[in-house]
Amino acid sequence: WGPPYALLQGSLMPSAADEPGERLPAKAEADEGPKAHPLIRRGMLAWAGGRGGADPFIALAPHPEWGHGHVVWGEVVAEDMAVVDALMRRPIRNESWGTITASVFEEAVHFSLQALEGASG
(Lines give C-alpha, C1' and ligand atoms only; values in the text may rest on other atoms or scores of the structure.)
Protein backbone atom coordinates (compact mmCIF):
# COMPACT_ATOMS: atom_id res chain seq x y z
CA TRP A 1 0.00 0.00 0.00
CA GLY A 2 1.18 3.40 -0.93
CA PRO A 3 4.84 2.54 -1.52
CA PRO A 4 7.22 3.50 -0.27
CA TYR A 5 5.67 4.66 3.01
CA ALA A 6 2.29 2.88 3.51
CA LEU A 7 0.28 6.08 3.57
CA LEU A 8 -2.40 7.92 1.64
CA GLN A 9 -1.04 11.43 1.11
CA GLY A 10 -2.84 14.43 -0.31
CA SER A 11 -2.21 18.05 -1.08
CA LEU A 12 -3.94 21.16 0.24
CA MET A 13 -3.13 23.23 -2.82
CA PRO A 14 -6.18 25.23 -3.95
CA SER A 15 -7.92 23.98 -7.08
CA ALA A 16 -8.48 26.23 -10.09
CA ALA A 17 -12.03 26.92 -8.85
CA ASP A 18 -10.82 28.04 -5.41
CA GLU A 19 -9.56 31.42 -4.39
CA PRO A 20 -5.80 31.75 -4.88
CA GLY A 21 -4.06 30.91 -1.66
CA GLU A 22 -0.84 29.92 -0.03
CA ARG A 23 0.19 26.49 1.14
CA LEU A 24 0.05 25.77 4.84
CA PRO A 25 3.34 26.14 6.67
CA ALA A 26 5.19 22.90 7.36
CA LYS A 27 5.31 23.72 11.08
CA ALA A 28 3.47 26.05 13.46
CA GLU A 29 4.03 27.01 17.10
CA ALA A 30 0.97 25.00 18.19
CA ASP A 31 2.63 21.88 16.76
CA GLU A 32 5.11 21.72 19.64
CA GLY A 33 5.02 19.39 22.61
CA PRO A 34 4.93 15.61 23.09
CA LYS A 35 1.16 15.23 22.60
CA ALA A 36 1.41 16.68 19.08
CA HIS A 37 4.02 14.09 18.06
CA PRO A 38 2.90 10.56 19.06
CA LEU A 39 4.20 7.46 17.30
CA ILE A 40 2.25 7.06 14.05
CA ARG A 41 -0.24 4.18 13.95
CA ARG A 42 -2.77 3.04 11.32
CA GLY A 43 -5.55 5.59 10.76
CA MET A 44 -3.77 8.64 12.14
CA LEU A 45 -3.92 11.89 10.15
CA ALA A 46 -0.69 13.86 10.23
CA TRP A 47 1.33 16.46 8.34
CA ALA A 48 4.08 15.46 5.93
CA GLY A 49 6.23 18.58 5.96
CA GLY A 50 8.37 19.35 2.98
CA ARG A 51 9.94 22.13 1.02
CA GLY A 52 6.55 23.15 -0.44
CA GLY A 53 4.66 23.14 2.86
CA ALA A 54 2.65 20.60 4.78
CA ASP A 55 0.53 17.93 3.08
CA PRO A 56 -1.88 15.72 5.01
CA PHE A 57 -1.57 11.95 5.12
CA ILE A 58 -3.45 8.99 6.57
CA ALA A 59 -1.19 6.22 7.86
CA LEU A 60 -2.10 2.82 6.42
CA ALA A 61 0.23 1.02 8.83
CA PRO A 62 2.08 1.81 12.05
CA HIS A 63 5.35 3.73 11.63
CA PRO A 64 7.42 3.47 14.82
CA GLU A 65 10.54 3.94 12.66
CA TRP A 66 9.59 7.61 12.22
CA GLY A 67 9.79 8.27 15.95
CA HIS A 68 7.99 11.43 17.04
CA GLY A 69 8.70 13.42 13.87
CA HIS A 70 5.17 14.15 12.57
CA VAL A 71 2.36 16.34 13.90
CA VAL A 72 -0.81 14.27 14.35
CA TRP A 73 -4.02 16.27 14.03
CA GLY A 74 -6.74 13.65 13.71
CA GLU A 75 -7.66 10.02 13.33
CA VAL A 76 -9.96 8.07 11.02
CA VAL A 77 -12.52 6.20 13.12
CA ALA A 78 -12.12 2.42 12.81
CA GLU A 79 -15.37 1.82 10.91
CA ASP A 80 -14.37 4.43 8.28
CA MET A 81 -10.99 2.86 7.51
CA ALA A 82 -12.88 0.63 5.05
CA VAL A 83 -13.36 3.77 2.91
CA VAL A 84 -9.61 4.46 3.02
CA ASP A 85 -8.89 0.82 2.13
CA ALA A 86 -11.31 1.08 -0.82
CA LEU A 87 -9.48 4.19 -2.07
CA MET A 88 -6.24 2.23 -1.98
CA ARG A 89 -7.73 -0.35 -4.38
CA ARG A 90 -8.10 2.30 -7.12
CA PRO A 91 -5.80 1.97 -10.17
CA ILE A 92 -2.33 3.43 -9.60
CA ARG A 93 0.82 4.18 -11.56
CA ASN A 94 4.40 4.61 -10.35
CA GLU A 95 6.10 8.00 -10.57
CA SER A 96 9.66 8.97 -9.78
CA TRP A 97 9.89 11.78 -7.22
CA GLY A 98 13.64 12.32 -7.12
CA THR A 99 15.01 9.43 -5.07
CA ILE A 100 11.53 8.03 -4.29
CA THR A 101 9.29 5.90 -6.46
CA ALA A 102 5.73 6.75 -5.40
CA SER A 103 2.42 5.10 -6.25
CA VAL A 104 -0.04 7.68 -7.57
CA PHE A 105 -3.73 7.31 -8.39
CA GLU A 106 -4.28 7.15 -12.16
CA GLU A 107 -7.14 9.60 -11.67
CA ALA A 108 -6.96 12.32 -9.02
CA VAL A 109 -9.32 12.03 -6.06
CA HIS A 110 -10.53 15.52 -5.18
CA PHE A 111 -11.66 16.33 -1.67
CA SER A 112 -12.51 19.28 0.50
CA LEU A 113 -12.21 19.85 4.22
CA GLN A 114 -14.93 21.40 6.32
CA ALA A 115 -15.21 21.98 10.04
CA LEU A 116 -17.93 19.95 11.73
CA GLU A 117 -20.70 22.02 13.27
CA GLY A 118 -20.09 22.26 17.00
CA ALA A 119 -16.49 21.02 16.67
CA SER A 120 -13.98 22.81 18.84
CA GLY A 121 -10.34 23.18 17.99
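User: Helices are DSSP runs of H or I with at least four residues, and strands are E runs of at least two, both numbered from the N terminus. How many helices and strands does the protein have?

Analyst: This is a predicted model. From the N terminus on, its elements run α-β-β-β-β-α-β-β. The secondary structure comes to two helices and six strands.

User: In what order do the strands of the open sheet lie?

Analyst: The open sheet holds four strands, with antiparallel pairing. Its edge strands are strand 1 (7–9) and strand 4, each pairing on one side only. From one strand to the next, the twist averages 30°. The order is 1-3-2-4.

User: Which residue in strand 3 is the bridge partner of Leu45?

Analyst: Strands of a sheet pair through backbone hydrogen bonds. Strand 2 and strand 3 (residues 55–59) run antiparallel and are joined by four bridges. In strand 3, Leu45 has as its bridge partner Ile58.

User: How many residues make up the largest nonpolar core?

Analyst: A residue must be buried to belong to a nonpolar core, and side-chain atoms within 4.5 Å join the members. Leu45 and Ile58 both belong to the largest core, along with Leu8, Leu60, Val76, Met81, Val84, Met88 and Phe105. Another core, of eight residues, lies apart from it and includes Leu7, Ala46, Ala59 and Val72. The count for the largest core is nine.

User: Which residues does Val76 touch, leaving aside those up to four places away in sequence?

Analyst: Val76 is one of the residues of the largest nonpolar core. Touching here requires heavy atoms within 4.5 Å. The residues that Val76 touches are Gly43, Leu45, Ile58, Met81 and Val84.

User: Why does the pair of Trp47 and Trp73 count as stacked?

Analyst: The structure holds two aromatic pairs. In this one the ring centres are 5.0 Å apart. Trp47 is in strand 2 (residues 44–48) and Trp73 in strand 4 (residues 72–75), 26 residues apart, and the pair links distant parts of the chain. Planes under 30 degrees apart count as stacked, and these planes lie at 25°.

User: Is Trp73 buried, partly exposed or exposed?

Analyst: Buried means under 20% relative accessible area, and exposed means over 50%. Trp47 is buried at 18%. Trp73 has 36% relative accessibility, so it counts as partly exposed.

User: What angle lies between the ring planes of Phe57 and Trp66?

Analyst: Phe57 is buried, at 2% relative accessible area. Trp66, at 22%, counts as partly exposed. Their rings are 5.8 Å apart, centre to centre, and form an edge-to-face pair. That label needs planes over 60 degrees apart, and the angle here is 85°.

User: Which residue in strand 6 is the bridge partner of Trp97?

Analyst: Strand 5 (residues 92–97) and strand 6 (residues 100–105) pair in the antiparallel sense over six bridges. Their hairpin has two residues between the strands, and Gly98 takes a positive phi near 70°. Trp97 has as its partner in strand 6 Ile100.

User: Over the face of which residue does Arg90 lie?

Analyst: A charge sits over a ring only if it is within 6 Å of the ring centre and within 35 degrees of the ring normal. Arg90 is at 5.8 Å from the centre of its ring. That ring belongs to Phe105.

User: What share of the contacts between residues at least 6 apart in sequence join residues at least 24 apart?

Analyst: The protein has 121 residues, of which 29% count as buried. Among contacts between residues at least 6 apart, the share joining residues at least 24 apart is 58%.

Notes: Residues numbered from 1 in each chain as written. Predicted model: local features only at pLDDT ≥ 70, side-chain atom pairs only at ≥ 80, totals over all residues. Heavy atoms only, no water. Phe/Tyr/Trp six-rings, centres within 6.5 Å; stacked < 30°, edge-to-face > 60°. Buried < 20%, exposed > 50% of the residue type's maximum accessible area, 1.4 Å probe, protein only. Pairing = 2+ DSSP bridges. Axes fitted to C-alpha atoms, helices over the stretch in contact; angles between N-to-C directions.
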